[in-house]
Amino acid sequence: MSIQRVREFFREQGIEDRIQEFDASSATVALAALALGVAEARIAKTLSFRVQDDVALIVMAGDARIDNPKYKARFAAKAKMLGHDEAAALVGHAVGGVCPFAVNDGVQVYLDESLRRFETVFPACGSSNSAIELTIPELEAYARPLGWVDVCKGWQADGAAGA
């Protein structure tokens with residue numbers, strides 16, 4: 001089970017006890033924000049894409065959306081999300097619980113600039129009813145991204161809404 005992989009990963013980091021599991025679903029930004037009692041913007045949603053022959057995860061603020069021209073300029077490809085049936089096999093986590101932790105080998109992780117405005121964010125932990133609160137430096141350390149990207153839109157209009 002995907003959450004078990006993430007739980008083991010965070011056990012090795014000494015922070016497994018910070019994983020939160022909910023009785024209700026947290027599979028969408030709105031549901032996760034409701035379960036956690038935080039603004040939707042602070043949910044660190046992870047979207048999975050096919051980039052040429054690779055799989056890439058982009059972790060972004062809950063109020064951000066992919067900006068196709070920015071994405072194409074950064075990755076030299078059209079933004080093509082993985083299908084629900086592909087995510088679990090290629091990433092290691094099913095849609096609704098996709099996160100940048102304990103992913104399959106070869107999966108590339110990127111963090112979007114939309115996250116930097118927050119002190120802490122809440123990514124999923126491999127299931128549709130889990131999350132963990134991490135500072136941005138912790139997210140960087142545990143997600144082990146290839147780098148930061150600026151491929152989203154929609155979040156600048158509100159500035160620090162929900163900060």
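Which elements each supply at least two residues of the lining of the second largest pocket? They are β5 (108–112) and α5 (136–143). Before going further, a word on what you're looking at: this is a predicted model, where local features need pLDDT of at least 70, side-chain atom pairs count only at pLDDT 80 or more, and totals for chains, interfaces and linings use all residues. Residues are numbered from 1 along each chain as its sequence is written, and side-chain values use heavy atoms, with hydrogens and water left out. Helices (H or I, at least four residues) and strands (E, at least two) are DSSP runs, numbered from the N terminus.

Back to that second pocket. A pocket here is an open set of points on a 1 Å grid over the protein atoms alone, where a 1.4 Å probe fits and protein lies on both sides within 12 Å along at least five of seven lines; lining residues have an atom within 4 Å of a point. The second largest pocket holds about 190 Å³ of space, the volume being what is filled by probe spheres set on the points, which are joined across faces, edges and corners. It has 15 lining residues, and P100, V103, V107, A143 and R144 are the closest to its centre. By type, the lining splits into ten nonpolar, three polar and two charged residues.

R144 counts as exposed because its relative accessibility is 54%; the cut-offs are under 20% relative accessible area for buried, over 50% for exposed and partly exposed in between (1.4 Å probe, protein chains only). Q52 also has a positive phi, near 50 degrees, and is not a glycine either. You'll find Q52 in the loop between β2 and β3 (54–61), partly exposed at 48%. A76 is 24 residues from Q52 in sequence, and their C-alpha atoms are 9.0 Å apart in space. A76 belongs to the loop between α3 (68–75) and α4 (84–91) and is exposed, at 61%.

Now for the largest pocket, with about 400 Å³ of space. Its lining has 23 residues, with A27, K45, T46, L47 and G96 nearest the centre. Two or more lining residues come from each of α2 (29–36), β2 (43–51), β6 (120–123) and β7 (130–131), and β2 gives the most, six residues. The lining is made up of 14 nonpolar, eight polar and one charged residue.

S2, I3, V6, R7, F9 and F10 are the buried residues of α1. They fall within an arc of 160 degrees seen down the axis, so they line one face of the helix; the arc is taken from the directions from the helix axis to the C-beta atoms.

Finally, the cysteines. The whole structure has zero disulfides, a disulfide being a pair of cysteine sulfur atoms within 2.5 Å. For C125, the nearest cysteine sulfur is that of C99, 6.1 Å away. C125 is buried, at 0% relative accessible area.

Key. Nonpolar A, V, L, I, M, F, W, Y, C, P; charged D, E, K, R; others polar.
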